Amino acid sequence: MKEHNPDNPILHEAVNGTPTQHHTPAKTPKKRDLDTMITGFQGSTSSAPHSFPIPKPSLERDFQMSVQLNPKISVGPGIWGQRNWVSFISGHWNGRWGKGTVVPGGQDSQLIAPDLSTHIDANYLLQTHDHPPAFVTVKMDGWRVGPRDILEKLEDPSQIDEVDPKTYSFRVYIHMETGDTRYLHLNTGMWIGSGVRRGTEDGLEVIYDAYRVS
């Protein structure tokens, strides 16, 4: 027979060596706790027993970025939809905390839904105009959605400039990362971006306005 300590419920074993399971019954939430959750979800804390103000976030326009695009490469249909690969030629950016260029070589792995809604999964590398320069990685994730005929024009350089940006939605989440001590504040920031597509002599260009969440 194995030695065991019956006073320890975690280490205790039955005589045959099979661990004895101990179940703690789940507690039923008190009615007051449920009422507090419900009133909180409704946006009102006036009836909550311990109400407190929750700060409302605000948006501040922080920087703008313009990027020239290479022609898209069709990866083909996948289990989630049509996959396109778009690489970046170059670009520039300017904002409240600096300015600089977009390093060539970034990419956007796009997923196209049957209605032509496009999921954006893009990665950029920013270089500042400092001496020496700093480098900042940018991760974007979001959607470009709108009426089908509008989305079709956005892929045609001959028609894209005829499209009113208000007729479609192009929104992204933005995260940035750097190890440069001059820009460490970017690592903990949060941004929401609004984008447009336009034609250029060399093809297509995308422009983002980035708003910092504060």
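How do the residues of the lining of the largest pocket divide into nonpolar, polar and charged? Some notes on that and on the salt bridges follow.

1. Bear in mind that this is a predicted model. In the lining of the largest pocket, five residues are nonpolar, three are polar and four are charged. The volume of this pocket comes to about 190 Å³.

2. If you want to find the pocket on screen, look for L69, N70, P71, K72, V86, Q110, E155, P157, R197, D202, G203 and L204, which line it. Among these lining residues, K72, E155 and R197 also turn up in a network of salt bridges, linked together with R144.

3. Across the whole structure, the search finds 10 salt bridges. One to look at is D209 with R61, whose side chains meet at 3.1 Å, N to O. This pair ties together distant parts of the chain: D209 sits in strand 10 (residues 203-213) and R61 in strand 1 (residues 59-69), 148 residues apart. D209 counts as buried because its relative accessible area is 18%, under the 20% cut-off. R61, at 48% relative accessibility, is partly exposed.

4. R148 is partly exposed at 43% relative accessibility, and E152 is partly exposed with a relative accessible area of 43%.

5. D180 and R182 also meet through their side chains in a salt bridge, at 2.8 Å, N to O. Here D180 is buried, at 18% relative accessible area, while R182 is partly exposed at 38%.

Technical notes:
Residues are numbered from 1 along each chain as its sequence is written. This is a predicted model: local features need pLDDT of at least 70, side-chain atom pairs count only at pLDDT 80 or more; totals for chains, interfaces and linings use all residues. Side-chain values use heavy atoms; hydrogens and water are left out. On a 1 Å grid over the protein atoms alone, a cavity is a set of points where a 1.4 Å probe fits but cannot get out, and a pocket is an open set with protein on both sides within 12 Å along at least five of seven lines; lining residues have an atom within 4 Å of a point. Grid points are joined across faces, edges and corners, and a volume is the space filled by probe spheres set on the points. Ala, Val, Leu, Ile, Met, Phe, Trp, Tyr, Cys and Pro count as nonpolar, Asp, Glu, Lys and Arg as charged, and the others, Gly among them, as polar. A salt bridge is a side-chain nitrogen of Lys or Arg within 4 Å of a carboxyl oxygen of Asp or Glu. Helices (H or I, at least four residues) and strands (E, at least two) are DSSP runs, numbered from the N terminus. Buried means under 20% relative accessible area, exposed over 50%, partly exposed in between (1.4 Å probe, protein chains only).
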